[in-house]
Amino acid sequence: MTKTEIINRLLQLNFASNEYWLITGGAMVLYDLRDTARDIDLGCSTSLADTLESCGYATTLLPDGTRRITIAEDIEIFEEWIFDKVDIREGIPVISLKGLLEMKKRLGREKDLEDIILIEKKLSN
């Protein structure tokens, strides 16, 4: 998904901007660190997670007690998954670069190593 596609999908969800934030690959796109993302991952408040679960969206309890909610084939939401703070980019709430870096480091996946380098480079400029 391109930046425009991500923004349009998020606007269609019509979530309150203080209830969710874009994370992982989508955040990389909104920070202009990547051209596209495979899917959209979001963090959300417990209140939004409660609402989504009560609406019948597929919900999985994670080992830390938070929930992962699937609302579309290409959109997953993670309850209270946040490091640092949320910034607004092009009208969309997005995890801060510092928070995104911490998230990528904690995930520790091979595919995140290049992203970590890109984020560190942008933070040092």
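**Close-up views of a predicted model**

**The cysteines C44 and C55.** C55 counts as exposed at 56% relative accessibility, where exposed means over 50% relative accessible area, buried under 20% and partly exposed in between, calculated with a 1.4 Å probe on protein chains only. The model is predicted, so local features need pLDDT of at least 70 and side-chain atom pairs count only at pLDDT 80 or more, whereas totals for chains, interfaces and linings use all residues. Residues are numbered from 1 along each chain as its sequence is written, and side-chain values use heavy atoms, with hydrogens and water left out. With a disulfide taken as a pair of cysteine sulfur atoms within 2.5 Å, the count comes to 0. C44 takes part in no disulfide, and the cysteine sulfur nearest to its own, that of C55, is 12 Å away. Seen from C55, the closest cysteine sulfur is in C44, and the 12 Å between them is too far for a bond. C44 is buried, because its relative accessibility is 0%.

**The largest nonpolar core and the surroundings of I6.** If residues up to four places away in sequence are not counted, I6 touches M1, L22, G26, V29, L30, A37 and I40, a contact being heavy atoms within 4.5 Å.

**The buried side of helix α3.** Helix α3 spans residues 46-54, and L48, A49 and L52 are buried in it. These residues lie on the same side of α3, because they cover an arc of only 100° around the axis, the arc being that of the directions from the helix axis to the C-beta atoms. What covers the buried residues of α3 includes β1 (20-23), β2 (40-44), β4 (67-72) and β5 (75-79); helices (H or I, at least four residues) and strands (E, at least two) are DSSP runs numbered from the N terminus. G56, which follows α3, has a positive phi near 95°.

**The β3–β4 hairpin and T66.** Strand β3 (residues 58-61) runs antiparallel to β4 and is joined to it by 4 bridges, where pairing requires that DSSP finds at least two bridges between two strands. T59 stands opposite I69 in β4. The hairpin has 5 residues between its strands, and G65 in the turn has a positive phi of about 95°. T66, in the loop between β3 and β4, is buried with a relative accessible area of 16%. The side chains of T66 and D64 are joined by a polar contact of 2.6 Å, meaning a pair of N or O atoms within 3.5 Å, of which, within protein, one must be able to donate a hydrogen and the other to accept it, with residues adjacent in sequence counting only if both atoms are side-chain atoms. T66 also touches T60, L61 and E79, residues up to four places away in sequence not being counted.

**Helix α4 and its covering elements.** In helix α4 (residues 97-107), the buried residues are L97, G99, L100, L101, M103 and K104. Among the elements that cover them are β1, α2 (24-30), β6 (86-89), β7 (92-95) and α5 (112-124). After α4 comes G108, with a positive phi near 60°.

**Positive phi at E80 and E90.** E80, in the loop between β5 and β6, has a positive phi near 50° although this residue is not glycine, and at 38% relative accessibility E80 counts as partly exposed. E90, in the loop between β6 and β7, is not a glycine either, and its phi is positive at about 55°.

Terms used:
A nonpolar core is a set of buried Ala, Val, Leu, Ile, Met, Phe, Trp, Tyr and Cys residues joined through side-chain atoms within 4.5 Å.
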